[in-house]
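Hi everyone, thanks for coming. Let me bring the structure up on the screen, and then I'll walk you through it.

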Amino acid sequence: MSSLYLVFKNLTRSKLRLFLTLFATFIAFMVYGTLTAFQMALNAGVELSADDRLIVVNKIHFTQSLPISHFNKVKSVEGVDAVTHLNWFGGYYQDPQKLFTMMAVDPESFLDVYDDYVLTPAEAEAWLKNRQGLIAGESVARTFGWKVGDRIPINSNIFSQRDGSTVWDFDVVAIYRGKDEQSDSNSVYFHYKYFNETQSFGGNFIGWMGVRTTSPDKNEQVVNAIDDLFANTPAETDTMPEVAFNKAFIEQIGNIGLILTSVVVAAFFIILVIVGNSMVLSIRERTNEIGVMKTLGFTSPAIFRMVLAESVAIAMIGGLLGLLAARGLIHLISNAPIQLPPLIMDGTSVFKAILIMLALGLITGIVPAVNALRLNIVTALSRS
Amino acid sequence: MGSLLSQIWTVIVMNIRSLPKRLWMSLAAVFAVSVVVAVLLSFLAMANGFEQTLAGTGSEKIGIISRKGSRSELNSTVSRDNINILATAPGIARDADNNPVYSAELYVIVNGIKRTTQTEVNLPLRGISLGGFELRDTVEIVAGRQFEPGRNELIVGQGVLAEFDGFELGREVRFGKTTWKVVGVFSTGGSAFESELWADALTVQTQFQRGTTFQTMRVLLEEPGNIEGIKQLAEDDPRMNLDVETEAAYFAEQGSALRGIVVFGWGLSIVMALGALAGALNTMYTSVASRGTEIATLRAIGFSNMSAFFGTLAESIVLSIIGGIVGALVSYLFLDGVTASTLGASFSQVVFDFQMSPQLFKNGIILALIIGLVGGVFPAWRAARLPVTLAFKNSM
């Protein structure tokens, strides 16, 4: 008890220094918390991929289309539980700079294969019935201020209608939430039939297909069956697990993970040096006092522990406050009208942060603690 | 006045020369500032390199015609009919036989393998006619030969060879059911075209089942930058729904795609600079505390408190500027010229180099200077107000 009091007294001895070291730690953990959330959001597409889902794309490249007849053929492949098809629309609302993911789908089979979208049965029903209806994710709806019942014009940067216009009118019939906190809610889905009947390129092509297999064990068999089915046809396919597709896609952007990790490491290095140095200094200033304490009968290990407790306390207090601030920041960013994947801070990242705090506290405290441990009473008292 | 300046100068020199006594604290401050500056400059150099690559790609002498609102070549379509009409537009330069110089092009995406990660990436395959080479005067075949029209032959940009596997000279490449042969390597002087594969436009049209449509039309302008004649023609014809702009304007817009990175880099660096500022303040307060007796003694023998103030401030600024220079040098040595690639506006890989510039360097030093100024001014204020009596106190 009394040694805890001493630790507290030592900590608050120089309030200014305490504040500065806490602040540096605070900043580093705020950076950590926020960037980790970004990193997790980037990986969410991979993490949340269902392991019983496959993607079927054109073998040349996934931007090349497939004939719709492929869809009917895949339906009857053994091991396929459900299949749906999607077309990228290149949609934008008012500002061509603000593209969002917009896809023409077959609603019934889409909701069957992709069960990550939370809609009430009434909402699903409303969508199925309204050919000009679209469903929008919470995030994209918030960005553009869409409400259920709105009639909105959306442009395509790829397609045009038969009359040359690039604008389509839609009814917002539902705003969906993701099943998981991290599920994407930046996308918009609408009827393939509406798309196919109105666009001028000539119809009956699809972008790619989503397949749900009866069980993940069947994946390999289904992959081979589908690709064999279309081998030597004008549109050969490449079938792969959803997770592989999403992972490859994220990696195309570049090694963002490496960039974010480097920044976090850099931030930690800064505080390691700043806090470590000021710990060394503050213990050196107390040389005399430590001599006195040893004279009074405090054992060297007790003093060693007290110094470490001091440095760990700084790391923990500064770190936890930083995480709290990161949480606030994440909340602010998530509710801003900009399109970002959902940012969250989960238990694992908090746990990791606490481990890092402990490690930082121990590393910054170890040199002065060893110095204090070794300190000889005579030298301590004679050094003034 | 002159004596005040010389006093200040004396104290500054004294402080700087006594820095080694406070070596570790001073190094901590230098280090913190250098890390912040290095982080900032890395982000800025990345965005700058990307922007410069795309800016260097577009030419004022070339006009580019695409579907209205498509914003990238990939999304655009232009019909053969439209191209035939536009070829007659005023303002297009003509060759020796008095034919307009233009190129109808296709832009499709195929798979490549990124060398560093061994993962599949999007690479652009441009279908180009021989007119397209007349337009682009910077193109040079550096190895192998030109493709022959009508054959499944490819020439690849130098950037593709550097960053991606599978397109070495002489190699056969399969796109779906069709097989292509790499017959040449081209250079365009470091522009984004070097991230592309080129083949004969009509061959691409058949092999990728594009019917008679193209994606963009490029024209050589009679007068650089002047697209008015073509624009007029496109607007007056109700059958056409097309955008006309100079290639320079088109690529400049694509180059701004990494602007977000600049904002992110600045935001992050400023937050981290606050952490470094805490370090600088800590260092400087410690420095003032350890020089307390010295400062008071100087005051006692007639030095003004201004000299204590500026002496401390100068020490802080010197430390942070050293930090800034170290940070800038580190990012220059490790990152300048490093090649990277990312997904560009046309949904395909753009190869670019990190590029440092004097302007970016200046930004880094300014950030360091601000940390030094703010981190020095409060401790300096304390130094200026230290009581003279401190000089006569015996420190135990």
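Before anything else, one term: when I say contact, I mean heavy atoms within 4.5 Å. With that in place, look at A:Thr143, which, leaving out residues up to four places away in sequence, touches A:Pro337, A:Ile338 and A:Gln339. I'll come back to that residue in a moment.

A word on what we're looking at. This is a predicted model, where local features need pLDDT of at least 70 and side-chain atom pairs count only at pLDDT 80 or more, while totals for chains, interfaces and linings use all residues. Residues are numbered from 1 along each chain as its sequence is written, chains are lettered from A and ligands numbered from 1 in the order in which they are written, and side-chain values use heavy atoms, with hydrogens and water left out.

Let's take chain A. It has 14 helices and 13 strands; those are DSSP runs, H or I of at least four residues for helices and E of at least two for strands, numbered from the N terminus. Its radius of gyration is 30 Å, well over the 21 Å that the globule rule gives for 384 residues, so chain A is more spread out than a compact globule. For the record, that radius is taken over C-alpha atoms, and the rule is 2.2 Å times the number of residues to the power 0.38. Along the principal axes, the C-alpha atoms of chain A fill a box of roughly 95 × 45 × 35 Å.

How is chain A divided into domains? Domain 1 takes 2-45 + 255-382, and domain 2 takes 65-234, with the bounds coming from an automatic or database domain assignment. The C-alpha centres of these two domains of chain A lie 48 Å apart. Even so, twelve residues of domain 1 of chain A are in contact with eleven residues of domain 2 of chain A.

Now back to A:Thr143, as promised. You'll find A:Thr143 in helix α6, residues 138-144 of chain A. Is A:Thr143 buried or exposed? A:Thr143 counts as buried, at 16% relative accessibility; buried means under 20% relative accessible area, exposed over 50%, and partly exposed in between, with a 1.4 Å probe and protein chains only.

For chain A overall, 51% of the 384 residues count as buried. Of the contacts in chain A with a separation of 6 or more, 80% are between residues 24 or more positions apart.

On to chain B. Here we have twelve helices and 15 strands. The radius of gyration of chain B is 30 Å, well over the 21 Å from the globule rule for 396 residues, so this chain, too, is more spread out than a compact globule. The box for its C-alpha atoms is roughly 95 × 45 × 30 Å along the principal axes. Buried residues make up 55% of the 396 in chain B.

The domain assignment of chain B gives domain 1 as 2-55 + 257-392 and domain 2 as 69-240. Their C-alpha centres lie 48 Å apart. Across that pair, 13 residues of domain 1 of chain B are in contact with 17 residues of domain 2 of chain B.

Two residues in chain B deserve a stop. B:Asn82 sits in helix α3, residues 80-86, and is buried, with a relative accessible area of 11%. Beyond four places in sequence, B:Asn82 touches B:Arg239, B:Met240 and B:Leu242.

The other is B:Thr216, in strand β12, residues 216-220 of chain B. B:Thr216 is buried at 1% relative accessible area. Its contacts, neighbours within four places aside, include B:Ile64, B:Glu73, B:Val78 and B:Ala104. The C-alpha atoms of B:Thr216 and B:Asn75 are separated by 9.7 Å, although the two are 141 residues apart along the chain.

Last item, backbone angles. Most residues other than glycine have a negative phi. B:Asn98, in the loop between α3 and β3 (102-114), has a positive phi of about 65° without being a glycine. B:Gln118, in the loop between β3 and β4 (120-128), is not a glycine and has a positive phi of about 60°.

That's my tour, and I'm happy to take questions!
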